[in-house]
Amino acid sequence: MPVIPSEHKAPFYLFNGHLQTIIPSLFRQVEGVQYQRERLVTPDEDFIDVDWSRVGSDSLLILSHGLEGDTARPYIMGMVKAFNARGIDAMAWNYRSCSGEPNKLLRSYHLGASDDLDFVLRHALQHNSYSKVYLTGFSAGGNITLKYIGEDPTQVPQQVKRVAVFSTPVDLKGSAQRISKIYTRRFMKSLKLKLEQKQRMYEQEVDLTDYNVLWSFPEFDDKYTAPLHGFKDAEDYYARVSSRQFIPHIQLPTLLVNALNDPFLSKECYPVKEAEENPNFYLEMPTEGGHVGFAEDFRKDLYYSEARAVQFLLGNKE
């Protein structure tokens, strides 16, 4: 019954889920991480940019970022720094269109793009002699990661040993309906800039008429995400890529940490039943933490997500 208690407690000055979400995102700075970028050519003749931070290890951490994120986000760089300090190489990958340059194809990225995670993972193994690989993901990256290890466990390379994900919308429909307008408008602005780039490349396929009247993710996903990526509509997209349905099939030791005050997650994003029934899947639900927050002392750059990932992935404690 791997529903486990949490030791995380937010600092007193971050006293609600919104502050726990926003303050680390806006003000955290991570120093000491030096990336080496590598551009990978995908099987469909597109490209994915990955950023390496090597310390000469035979073990590797692969990191998947959140919606409209990239490898420079502080939660990614903080995790890279934490694992480098423990002698582990890190590879953070930018989703298609997220590395500062629009990708070549009409498709971009979506929350079920586990094929791209598989591609970057296999590239890392093909060109390096890693004996152990660990996976971590945040928010959208958590969903991609859980879907990847659960949709066909027999195809996951044997070098992958353990997984830890944070703030993951395992039920995309519930999360899309739950997220407030404050956050939605911010994402809509960023996504519009990318669609404008895509429209210049594919004028006939991308229609931005009435874009500014979209007020929710279900509307956005229905008009853009679904048709551009081969789904019938938003309902079909959510049904096919939400990772909750794949959790029962996970065979690797896997930790999911979702804060109960996360402003992005609906009640369906806390898979208690699945954790109770799958001995490989550990669910931790701290009362605090916000979305991709988990600061324990923002001023001293201490984050529970990093300490917990190190403990779970590298140690023997559950």
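Me: Which elements each supply at least two residues of the lining of the second largest pocket?
Reply: Helix 2, strand 11 (302–303) and helix 10 do. Keep in mind that this is a predicted model.

Me: Which of them gives the most to that lining?
Reply: Helix 10, with four residues.

Me: What volume does the second largest pocket have?
Reply: About 210 Å³. It is lined by 14 residues. Closest to its centre are Ala-82, Asp-301, Leu-302, Tyr-303 and Glu-306.

Me: How does the lining of the second largest pocket split by class?
Reply: Seven residues are nonpolar, six are charged and one is polar.

Me: OK, switching to the largest pocket. How much space lies in it?
Reply: About 450 Å³. The lining there has 26 residues.

Me: Which of those are the closest to its centre?
Reply: Thr-21, Ser-25, Tyr-75, Arg-186 and His-291.

Me: And which elements give two or more residues to the lining of the largest pocket?
Reply: Four helices are on that list: helix 1 (17–27), helix 2 (74–84), helix 6 (181–201) and helix 10 (304–314). Helix 2 and helix 10 also supply at least two residues each to the second largest pocket's lining.

Me: Where does the largest share of the largest pocket's lining come from?
Reply: From helix 1, which provides five residues.

Me: Last one. What classes make up the lining of the largest pocket?
Reply: It has 14 nonpolar residues, eight polar ones and four charged ones.

Notes:
Residues are numbered from 1 along each chain as its sequence is written. This is a predicted model: local features need pLDDT of at least 70, side-chain atom pairs count only at pLDDT 80 or more; totals for chains, interfaces and linings use all residues. Side-chain values use heavy atoms; hydrogens and water are left out. On a 1 Å grid over the protein atoms alone, a cavity is a set of points where a 1.4 Å probe fits but cannot get out, and a pocket is an open set with protein on both sides within 12 Å along at least five of seven lines; lining residues have an atom within 4 Å of a point. Grid points are joined across faces, edges and corners, and a volume is the space filled by probe spheres set on the points. Ala, Val, Leu, Ile, Met, Phe, Trp, Tyr, Cys and Pro count as nonpolar, Asp, Glu, Lys and Arg as charged, and the others, Gly among them, as polar.
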